[in-house]
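Subject: Structure handover

Hello,

I am passing this structure on to you. Please look through it first, then read the notes below.

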Amino acid sequence: MYEKTYPNKRFKLTLQFLQKHVNLSDSILDLGVKNPFSEIMISEGYSVENTTGKDLDEERSEIEDSSAKVVTAFEIFEHFLSPYEVLKSIKADRILISVPLKLWFVSAYRSKTDMRDRHYHEFEDWQLDWLLEKTGWIIKDRQKWTNPVKKFGIRPILRHFTPRYYIVYAERGINSKA
């Protein structure tokens, strides 16, 4: 998955944000199949269950049937066609979501060989905030960071200054329980 570009900085900052908001005693449903970051969470002592790879736009029973206290969704919401429906189906009271931010100087990511490895959404921070608000979540904390690359050129220089990732911790609003 990350043969040439293991995201050390993103994983380090994501773990720090997770540790700030989630106790080791909290059960976690991590949206998406088991991945390098879910392995990091487990190695840090978290109890993590991943979804099995079903298309969560179409089949949300794994989310709806989960008894996890926290849902994590790291770098997955940009792949959904219907993130609104996914957010509405979550039963947990807390969520951590990270998304890549839309960069004005780069086109949206699209794998030509894997239909599921495409970004349908590349969010601006306000768009994710609005989506969370509209689905009954209250943002309690947020953070952005850059993703510099070790290349030469205009775009690599812009990546040193332009935030690429946005992470949010939110809690379910009082009147939004499903």
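A polar contact is a pair of N or O atoms within 3.5 Å, and within protein one atom must be able to donate a hydrogen and the other to accept it. The side chains of D26 and R94 make such a contact, at 2.9 Å. Please keep in mind that this is a predicted model.

Where does D26 lie? Its place is the loop between α1 (8-21) and β1 (27-30). Is D26 buried or exposed? Buried means under 20% relative accessible area. D26 has a relative accessible area of 10%, so D26 counts as buried. Leaving aside residues up to four places away in sequence, D26 touches S47, K69, V70 and R94.

E122 and L101 are 21 residues apart along the chain, while their C-alpha atoms are separated by 5.7 Å.

Now the chain as a whole. The protein chain has 6 helices and 6 strands, and along the sequence they follow the pattern α-β-α-β-α-β-α-β-α-β-α-β. Of the 178 residues in the chain, 47% are buried. Among contacts between residues at least 6 apart in sequence, 65% join residues at least 24 apart.

Next, the nonpolar cores. The largest nonpolar core has 26 residues, and those that touch the most other members are L31, F77, L87, I90, I95, I97 and L128. At least two residues of this core come from each of β3 (70-74), α4 (83-89), β4, α5 and β6 (165-172). Another core lies apart from it and has 18 residues, including L18, F37, Y46 and Y169. Which residues does I97 touch, not counting residues up to four places away in sequence? They are A73, F77, L87, L128, L132, Y166, I167 and V168.

How many cavities of 30 Å³ or more does the structure hold? The structure holds 1. The largest cavity has about 40 Å³ of space. Its lining is formed by L29, I63, S66, A68, V71, I90, K91 and A92. By type, the lining residues divide into 6 nonpolar, 1 polar and 1 charged. I90 is in this lining, and I90 is also one of the residues that touch the most other members in the largest nonpolar core.

Regards

Notes:
Residues numbered from 1 in each chain as written. Predicted model: local features only at pLDDT ≥ 70, side-chain atom pairs only at ≥ 80, totals over all residues. Heavy atoms only, no water. Helix = DSSP H or I, 4+ residues; strand = E, 2+ residues; numbered from the N terminus. Buried < 20%, exposed > 50% of the residue type's maximum accessible area, 1.4 Å probe, protein only. Contact = heavy atoms within 4.5 Å. 1 Å grid on protein atoms, 1.4 Å probe; cavity = no way out; pocket = protein on both sides within 12 Å on 5 of 7 lines; lining within 4 Å. Points joined across faces, edges and corners; volume = space filled by probe spheres on them. Nonpolar A, V, L, I, M, F, W, Y, C, P; charged D, E, K, R; others polar. Core = buried A, V, L, I, M, F, W, Y, C linked by side-chain atoms within 4.5 Å.
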